[in-house]
Amino acid sequence: MAKLSIKGLIESALSFGRTLDSDYPPLQQFFVVMEHCLKHGLKVRKSFLSYNKTIWGPLELVEKLYPEAEEIAASVRDLPGLKTPLGRARAWLRLALMQKKMADYLRCLIIQRDLLSEFYEYHALMMEEEGAVIVGLLVGLNVIDANLCVKGEDLDSQVGVIDFSVYLKSDDDIGGKERNVQIAAILDQKNYVEELNRQLNSTVSSLHARVDSLEKSNTKLIEELAIAKNNIIKLQEENHQLRSENTLILMKTQHHLEATKVDVEAELQTYKHSRQGLDEMYTEARRQLREEAQLRQDMENELVVQVSMKHEIELAMKLLEKDIHEKQDTLIGLRQQLDEVKAINMEMYQKLQVSEDAMKEKNEIISRLEDKTNQINATMKQLEQSDKDLLTQTRTIAMSFVKCASNEAQHQYKLVKDISF
C-alpha cells in the first residue's frame with residue numbers, strides 16, 4: 001500500500017500540474033498510509049490513565065540524530081492547536097514533506113535500529129528491510145511541491161482510513177503506457193532539476209563563504225595599503241629631510257677641509273723649523289734614558305738584596321715566635337705544677353685535721369714541694385739565661401708565682417708545725 005500510495009501521489013501530482021494543498025485526496029491517503037506504516041509494530045506504552053501507541057516518540061528522536069530537524073520539531077511544539085502526540089506527529093510529517101526532507105529524516109531514523117528498538121517490536125516494518133525500501137521510495141516525493149496549512153487544521157481528531165478504491169486500476173489505465181512513459185520522463189527531468197538545484201545551492205553557499213573571506217581579506221589589504229601609503233609618505237619626507245641635511249653636511253665638510261688644508265700647510269712649515277730642535281731633544285732624551293736605565297738596574301739589585309734580607313728577617317721572626325711559643329708552653333706547665341701544689345696543700349691540710357698519722361705523709365709532701373720549688377727556681381734561671389730580653393716579663397710573672405708558692409708552702413709548713421705542737 002505504501003508503494004501504491006507513493007506512486008499514485010507522484011502520478012496524480014504530475015498530471016495535476018500545480019502545487020498541492022491539504023484537500024488533495026491522494027496526498028491525504030499518503031499521510032494515512034505513512035501513519036499506518038509508522039504505527040506497525042509500535043510498542044504499547046503505559047500511561048497514567050491508560051495504554052497508548054503513539055508515533056511521536058520515534059519522530060521526536062530525529063532531531064537528536066539530524067541537526068537540521070531541530071527547527072521542524074520546535075515548530076511542531078510551538079503550534080497552539082495541537083494537544084495530542086499523534087497530532088504533533090501528523091504535523092511533523094506534513095512539514096517534512098513541504099521541506100522535501102522526509103526521506104532524509106526517516107533514513108537517519110532506520111539506521112539507528114538500536115534506538116528504534118525502544119519504540120518498535122523486532123517484527124515492525126521500520127525494523128525490517130521493507131522500511132529501507134519505503135524510505136527509498138520517499139525520495140521520489142522530492143519532485144512534489146506541497147503548500148500545506150498546518151496551523152488551523154484539526155490534526156488531533158482526524159480518523160485515518162485507507163480508501164482502497166483509489167488504488168484499483170481499470171482496463172483503461174493499463175492501456176496508457178505512453179502516458180506512463182511521459183510521466184516517467186517528466187519525473188526524471190524534475191529529479192535532475194532538483195539535484196542540479198541542490199548542487200547549485202551548495203555551490204552558491206560556498207561562493208558566498210569565499211566572497212565573505214575575500215571581502216575580509218580585501219578590507220584588510222586596503223587597510224594595509226593605506227598604512228603602507230602613509231609609511232611611504234613619511235619615508236619620502238624623511239628622505240627629503242636627509243637629503244637636505246646631507247647637502248648641509250657636505251658644504252660644512254668642504255669648508256672644514258679648506259680650513260684644514262691651510263692649517264696643515266702652516267703646521268708643515270712649523271714642523272720643518274722645529275725638526276732640528278727635536279733632533280737635539282731626541283739625543284738628550286736618549287742620554288737621559290740610558291742614565292735612567294742604569295739607575296733602574298741599580299735599584300733592582302738593591303731591591304733583590306732587600307728582598308733577601310726580608311726573607312731572613314721573616315725566618316728569624318718565625319724561629320723567635322717558635323721559641324716564644326715553647327717558652328709559653330713551659331710557663332703553662334709551671335702554672336699547672338703550681339696548681340697541683342696548691343691542690344696537694346689543700347689535700348694535706350684536710351688530712352691533718354682528720355688524723356695525726358697523716359703528718360708524716362704531709363712532711364714528705366712538703367719536702368717534695370720544696371724539691372719542686374728548687375727545680376722551678378733552677379728552670380727559671382735557665383730561662384733567664386737563654387733569653388733575657390724577650391722574657392723579662394715572663395720571668396717576673398714566674399718569680400711572683402714561685403714566691404707566692406714558697407710563701408704559701410712556708411705558711412702551710414708553719415701551720416703544720418703549729419698543729420703538731
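Analyst: Let us begin with two terms. Contact means heavy atoms within 4.5 Å. Helices (H or I, at least four residues) and strands (E, at least two) are DSSP runs, numbered from the N terminus. This is a predicted model, in which local features need pLDDT of at least 70, side-chain atom pairs count only at pLDDT 80 or more, and totals for chains, interfaces and linings use all residues. Residues are numbered from 1 along each chain as its sequence is written, and side-chain values use heavy atoms, with hydrogens and water left out.

User: How many helices and strands are in the chain?

Analyst: The chain has 13 helices and two strands. Of the contacts with a separation of 6 or more, 71% are between residues 24 or more positions apart. A residue is called buried under 20% relative accessible area, exposed over 50%, and partly exposed in between (1.4 Å probe, protein chains only). Of the 421 residues in the chain, 26% are buried.

User: How is the packing of two helices read?

Analyst: Two packed helices are described by the angle between their axes and the distance between the axes. Axes are lines fitted to C-alpha atoms, for helices over the stretch in contact, and angles run from 0 to 180 degrees between N-to-C directions. Here H1 and H9 pack at an angle of about 0°, and their axes are 10 Å apart. H1 is therefore roughly parallel to H9; angles under 35 degrees count as roughly parallel, over 145 as roughly antiparallel, 65 to 115 as roughly perpendicular and the rest as oblique. At this meeting, Ala-2, Lys-3 and Ile-6 of H1 touch Val-133, Ile-134, Leu-137 and Leu-138 of H9.

User: Which residues in helix H9 are buried?

Analyst: An α-helix has 3.6 residues a turn, so residues three or four places apart point the same way. In H9 (residues 129–138), the buried residues are Gly-131, Ile-134, Val-135 and Leu-138. They line one face of the helix, because they fall within an arc of 100° when seen down the axis of H9; the arc is that of the directions from the helix axis to the C-beta atoms. These buried residues pack against helix H1 (2–16), helix H2 (25–39) and H7.

User: How are aromatic pairs read?

Analyst: A pair of aromatic rings is described by the distance of the centres and the angle of the planes. Rings of Phe, Tyr and Trp (its six-membered ring) pair if their centres lie within 6.5 Å; planes under 30 degrees apart count as stacked, over 60 as edge-to-face and the rest as tilted. The count by this rule is three aromatic pairs. Tyr-66 and Tyr-105 form an edge-to-face pair, because their ring centres are 5.3 Å apart and their planes stand at 75°. This pair links distant parts of the chain, 39 residues apart: Tyr-66 is in the loop between helix H4 (62–65) and helix H5 (70–78), and Tyr-105 is in helix H7 (residues 102–111). Trp-92 and Tyr-105 have ring centres 5.6 Å apart and planes at 45°, so this pair is tilted. Tyr-66, Trp-92 and Tyr-105 form one aromatic cluster.

User: Where does Arg-94 lie relative to the face of Phe-31?

Analyst: A charge sits over a ring if NZ of Lys or CZ of Arg is within 6 Å of the ring centre and within 35 degrees of the ring normal. Arg-94 lies over the face of Phe-31, 4.3 Å from the ring centre. Arg-94 belongs to helix H6 (residues 85–99) and counts as buried, at 7% relative accessibility.

User: What is the phi of Lys-100?

Analyst: Most residues other than glycine have a negative phi, and most peptide bonds are trans. Lys-100 has a phi near 60°, a positive value in a residue other than glycine. Lys-100 is placed in the loop between H6 and H7 and is buried, with a relative accessible area of 17%. Leaving aside neighbours within four places in sequence, Lys-100 is in contact with Asn-142, Ile-144, Asp-145, Glu-194 and Arg-198.
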